[in-house]
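Here are my notes on the model you sent. Please read them with the structure open.

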Amino acid sequence: MTTTADRTAASDLTLNTSAVADLVDGRWGEHRRRVRDLMLDERLRREDSLTVAEHRARVLEQSRYLVELEVVNRAFPERLGGYDDPGGNIAGFEELAVADPSLQIKGGVQWGLFGAAILHLGTEDHHDRLLPGAMDLTVPGCFAMTETGHGSDVAAIGTTATYDPQAEEFEIHTPFRGAWKDYIGNAADHGTAAVVFAQLITAGVNHGVHAFYVPIRETAPDGSAGDFLPGVGGEDDGPKGGLNGVDNGRLHFDRVRIPRENLLNRYGDVAPDGTYSSPIDSPGRRFFTMLGTLVQGRVSLGGSAVVVSKMALATAIRYANERRQFTGADEDVETVLMDYQQHQRRLLPLLARTYAAQFMHNQLGQRFHEVFSGEHDTDGDRQDLETLAAASKPLSTWLALETIQTCREACGGAGYLTENKFVTWHQDMDVYVTFEGDNHVLLQLVGKRLLTDYGREMAKMDVAGAVRWVADRAVDMTLHRTPLRRAAQSIQDGGSRARSAGEIRDPDAQRELLEDRVESMVEEIALALRAAKGAPADVAQALFNSHQHDLIEAARAHGELLQWEAFTEAVASIRDDDTRKVMTWLRDLFGLVTIENNLSWYLINGRISAQRARTVTSYINRLLPRLRHHAQDLVEAFGYSDKHIGAVIGTGVEGRRQREARDYYRRRRAAGDEPVSEKSQKKG
């Protein structure tokens with residue numbers, strides 16, 4: 001139950017939006033805001049009336065304009081005109097979604113995939129020969145990894161690159177229809193070269209997937225893409241559910257010859273006589289190292305998804321603070337939507353989750369910069385980065401879709417109009433959950449890492465530690481798998497809702513609940529999979545498959561824990577008392593809604609009592625009106641003005657309509673012109 005004191009205490013606090021904005025925008029905030037403001041340029045804004053062909057042509061021209069604005073080359077070497085600033089580059093790229101997600105993806109294909117593959121998988125010779133064209137867009141490029149028959153399972157792609165020592169050339173070939181490169185940006189119209197991923201075969205040995213620079217089209221005199229080169233073919237993927245400014249297409253190769261030097265050979269090389277060599281002996285580690293250098297796609301997709309979540313929430317909350325519906329205590333004044341508890345329940349938890357996602361993404365961006373700038377670039381650092389990106393991207397992209405849909409519904413029929421952006425955002429964001437790694441596949445990778453880390457910890461354990469673990473597990477079984485724990489907790493609460501609320505808002509208690517769920521789930525899966533050790537392959541596979549869903553849920557819980565920890569770290573850095581208190585409430589809302597969404601697990605596993613489970617929900621309901629008072633400031637801190645977003649209902653037009661209506665009825669009542677309602681007559 002919300003008290004008057006709660007509301008008064010909330011309204012007495014002042015949120016320092018500037019300080020929160022600095023926290024949200026992170027280390028590269030100045031550059032992020034610069035790019036965000038560049039997106040106000042009409043030459044870069046999306047036009048919804050364009051055909052697919054016109055949209056594609058416009059996005060290509062916009063991409064060339066980005067080169068002029070020096071927005072796109074921050075990650076590349078300074079000696080070639082870049083800035084050697086991988087973290088700043090990512091931060092700026094994410095803001096391209098403000099103008100048009102198609103532009104963000106087009107830029108991601110050209111500079112974040114095609115150019116980045118040359119940079120990270122090639123050597124200095126490749127940089128000198130091939131990067132300038134990628135950087136200035138005189139060579140629009142493709143990143144040809146995904147195949148019709150294989151998406152997430154990159155190791156199994158069918159395209160081959162067979163070395164011919166007599167000619168010192170590789171022969172690029174797609175031997176069957178399923179090996180066609182598919183969904184490839186720039187492939188349908190604009191690409192003149194591609195980084196093609198193929199199985200490298202030399203001297204009869206398949207050394208696994210490597211990357212090759214392959215010209216695919218002639219370049220016309222005006223610089224546009226001409227016909228396919230001999231042996232190269234393809235077709236247009238056609239209109240898509242969204243992102244129609246990107247010319248996705250299919251490519252296939254019929255024994256296309258390229259020089260040996262076009263192998264991007266940082267991690268694997270072939271000598272003129274066909275001898276293969278690599279600085280990484282293990283084929284598996286070599287493969288994952290090569291793919292790991294391309295992690296920025298996942299990083300930027302997650303960040304762009306958070307950008308769109310922020311814009312959607314800014315629009316919906318601005319509208320909800322103006323739109324009035326149904327009379328309340330005053331029969332002459334309708335109630336603002338944001339004052340309804342259900343509206344707060346719909347939007348404020350998403351606001352908290354968006355802040356959590358952004359803070360986790362800021363940490364991911366920092367890790368990314370440290371690895372690719374060389375500050376901290378060990379195998380362990382790269383593995384940690386890949387795991388963090390694989391945890392962040394699913395949560396951020398799913399959040400975007402949920403936020404857009406909920407905000408669309410919260411804005412009623414107005415939300416369904418194209419002019420208010422939600423419908424288009426949903427179309428464009430939909431595929432973010434699929435490309436750069438299907439979300440469930442990525443979470444499975446995170447889950448496997450959790451199992452690996454668990455196994456390593458167990459392997460380090462000495463005899464005494466093993467004895468303690470068995471004893472601790474026995475205690476866990478006694479306390480958590482029987483009614484004893486629930487009874488003890490209920491007694492400790494003493495029936496006091498206030499005491500329960502005091503405990504669940506304690507950050508240590510929230511951390512323990514979130515952390516315990518992850519650890520317990522991982523341990524349970526690990527113990528169940530022990531039987532797979534030494535078992536026949538089919539038995540081991542069946543056993544793992546029977547726990548796949550549990551593993552993915554454990555990974556999701558791990559990602560939510562990381563978000564909570566990032567949020568807590570951000571709150572701790574705030575110096576202003578009022579701002580820290582409001583942001584603590586928002587962090588508590590994130591943590592408690594996460595716990596509430598998983599109450600069945602906590603109750604079934606005896607981690608929480610029924611009394612405390614009820615308190616979780618009741619305390620959330622107390623937080624909502626406190627945060628409602630600051631909701632407008634919290635979305636203003638995102639830094640997206642109505643001009644950045646471009647949604648008509650976020651421009652104040654609804655507030656003006658409401659004031660006009662209220663003034664009209666007020667004048668009629670004052671003049672005595674208001675007709676008497678039938679209801680009031682019957683009351684009399």
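The points below cover helices, helix packing and strands.

1. Basis. This is a predicted model, in which local features need pLDDT of at least 70, side-chain atom pairs count only at pLDDT 80 or more, and totals for chains, interfaces and linings use all residues. Residues are numbered from 1 along each chain as its sequence is written, and side-chain values use heavy atoms, with hydrogens and water left out. Helices (H or I, at least four residues) and strands (E, at least two) are DSSP runs numbered from the N terminus.

2. Helix α17. This helix covers residues 507-528, 22 residues in total. From first C-alpha to last, α17 reaches 32 Å, close to the expected 32 Å; the expected span is 1.5 Å times one less than the number of residues. At the start of α17, a side-chain oxygen of D506 comes to within 3.1 Å of the backbone nitrogen of D508.

3. Helices α10 and α11. Helix α10 (residues 341-372) packs against helix α11 (residues 379-410) at about 155°, with the axes 9 Å apart. Axes are lines fitted to C-alpha atoms, for helices over the stretch in contact, and angles run from 0 to 180 degrees between N-to-C directions. The two helices are therefore roughly antiparallel; angles under 35 degrees count as roughly parallel, over 145 as roughly antiparallel, 65 to 115 as roughly perpendicular and the rest as oblique. The contact of α10 with α11 has 15 nonpolar, seven polar and eight charged residues. Here Ala, Val, Leu, Ile, Met, Phe, Trp, Tyr, Cys and Pro count as nonpolar, Asp, Glu, Lys and Arg as charged, and the others, Gly among them, as polar.

4. Helix α5 and its partners. The axes of α3 (residues 29-38) and α5 (residues 86-94) come within 8 Å and cross at roughly 30°, which makes α3 roughly parallel to α5. The axes of α5 and α9 (residues 296-320) also come within 8 Å, but cross at roughly 40°, so α5 is oblique to α9.

5. Three-stranded sheet. The strand order in this open sheet is β4-β10-β9, with antiparallel pairing; two strands pair if DSSP finds at least two bridges between them. β4 (181-184) and β9 (232-236) are at the edges with a single partner strand each, so one side of each has no neighbour in the sheet. The twist averages 20° from one strand to the next. Two bridges link β4 to β10 (residues 249-253), and I184 stands opposite G249 in β10.

6. Hairpin. Strands β5 (residues 193-202) and β6 (residues 205-215) run antiparallel and are joined by nine bridges. A194 stands opposite V214 in β6. Two residues lie between the strands of this hairpin, and A203 in the turn has a positive phi of about 55°.

Technical notes: Polar contact = N/O pair within 3.5 Å; in protein donor to acceptor, adjacent residues only side chain to side chain.
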